[in-house]
Amino acid sequence: MESFLMVLRDWARDPHRRADEALDDALVRLSRILAQLASALEVEYRGPFVGIGAGREAFCLAVRAHTEDVGTTVWAARVCSAAPHRGLAAHWDLAAVSRLRKPLVAQALPAFLAGYHEAVVAAARAESAAGRRLRALSQALDPNH
């Protein structure tokens, strides 16, 4: 298993740890990989909530074509506003969230990757190279695997 996946797996199992450079690096790497996979797959997915405290349901992880600049869209995984009227507006890249939110993102990753893979299966893209890589990522973080 790749070292960044071991870091993310450990964080998902023990989210009460203090965010550190290893988690930062692992999230940067995962974010880059997910951007490549999302671009190849073009399958939207709305994942688990990652809001803080009483606002737990205010933000979620999502994969879709996000508007980065005026007229520019990028397929990627982002932390988005979960409010229905906001249309999954992207707020942060996975690696750019605050230190307080990073453990929540790490804890949500196994369910996020599993759900995203299910969406890719439903879209009949699971057997593509990107679909197989996503399955491998999901399995690496699966606590039952």
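**Entry 1: the model**

I am working from a predicted model. I kept that in mind for every entry below.

**Entry 2: the sheet**

I started with the strands. I find an open sheet of four strands, in the order S1-S2-S3-S4, and the pairing is antiparallel. Which strands are at the edges? They are S1, residues 45-49, and S4, residues 90-93, and each of these pairs on one side only. I also looked up the twist, and it averages 55 degrees from one strand to the next.

Then I looked at the S3 and S4 pair. S3 covers residues 72-81 and is joined to S4 by three bridges, with the two strands running antiparallel. I picked out arginine 78 and asked for its bridge partner in S4, which turns out to be aspartate 93.

**Entry 3: helices on the sheet**

Next I checked what packs on the sheet. Helix H2, residues 21-41, does so, and I see it touching S2 (59-69), S3 and S4. The direction of H2 makes about 125 degrees with that of S3. Helix H3, residues 102-122, lies across S1, S2 and S3. I noted its angle to S1 as well: H3 runs at about 155 degrees to that strand.

**Entry 4: salt bridges**

How many salt bridges does a search of the whole structure find? I get seven. I followed up three of them.

The pair I took up to begin with was glutamate 2 and arginine 133, whose closest N and O atoms are 3.1 Å apart. Glutamate 2 sits in the segment before helix H1 (3-13) and arginine 133 in helix H4 (residues 129-141), so this pair ties together parts that are 131 residues apart in sequence. Glutamate 2 is partly exposed, at 28% relative accessible area. Arginine 133 is partly exposed as well, at 26%.

I then went to lysine 102 and aspartate 24, which form a salt bridge with 2.5 Å between the closest N and O atoms. Lysine 102 belongs to helix H3 and aspartate 24 to helix H2, so here the linked parts are 78 residues apart in sequence. Are these two residues buried or exposed? Both lysine 102 and aspartate 24 are buried. I put a mark beside this pair, since H2 and H3 had both come up in the previous entry.

Arginine 135 is partly exposed, with a relative accessible area of 25%, whereas glutamate 127 counts as exposed at 58%.

I also asked which salt bridges share partners. Glu2, Arg29 and Arg133 are joined that way into one network.

**Entry 5: arginine 9**

I stopped at arginine 9, in helix H1. I have it as buried, with a relative accessible area of 18%; the cut-off for buried is under 20%. What does arginine 9 touch? Leaving out residues up to four places away in sequence, I find Met1, Ala140 and Leu141.

**Entry 6: positive phi**

I looked for residues other than glycine with a positive phi and wrote down two. Glutamate 42 has phi near 50 degrees. I place glutamate 42 in the loop between H2 and S1, and it is partly exposed at 47% relative accessible area.

Alanine 124 is the other one I wrote down, with phi near 60 degrees. Alanine 124 lies in the loop between H3 and H4. At 68% relative accessibility, alanine 124 counts as exposed.

**Entry 7: cysteines**

Last, I checked for disulfides, and the structure holds zero. A disulfide would need the two sulfur atoms within 2.5 Å. I ran the search from the cysteine 80 side too, and its closest cysteine sulfur is that of cysteine 60, again at 5.7 Å.

Note on methods: Residues are numbered from 1 along each chain as its sequence is written. This is a predicted model: local features need pLDDT of at least 70, side-chain atom pairs count only at pLDDT 80 or more; totals for chains, interfaces and linings use all residues. Side-chain values use heavy atoms; hydrogens and water are left out. Two strands pair if DSSP finds at least two bridges between them. Axes are lines fitted to C-alpha atoms, for helices over the stretch in contact, and angles run from 0 to 180 degrees between N-to-C directions. Contact means heavy atoms within 4.5 Å. A salt bridge is a side-chain nitrogen of Lys or Arg within 4 Å of a carboxyl oxygen of Asp or Glu. Buried means under 20% relative accessible area, exposed over 50%, partly exposed in between (1.4 Å probe, protein chains only).
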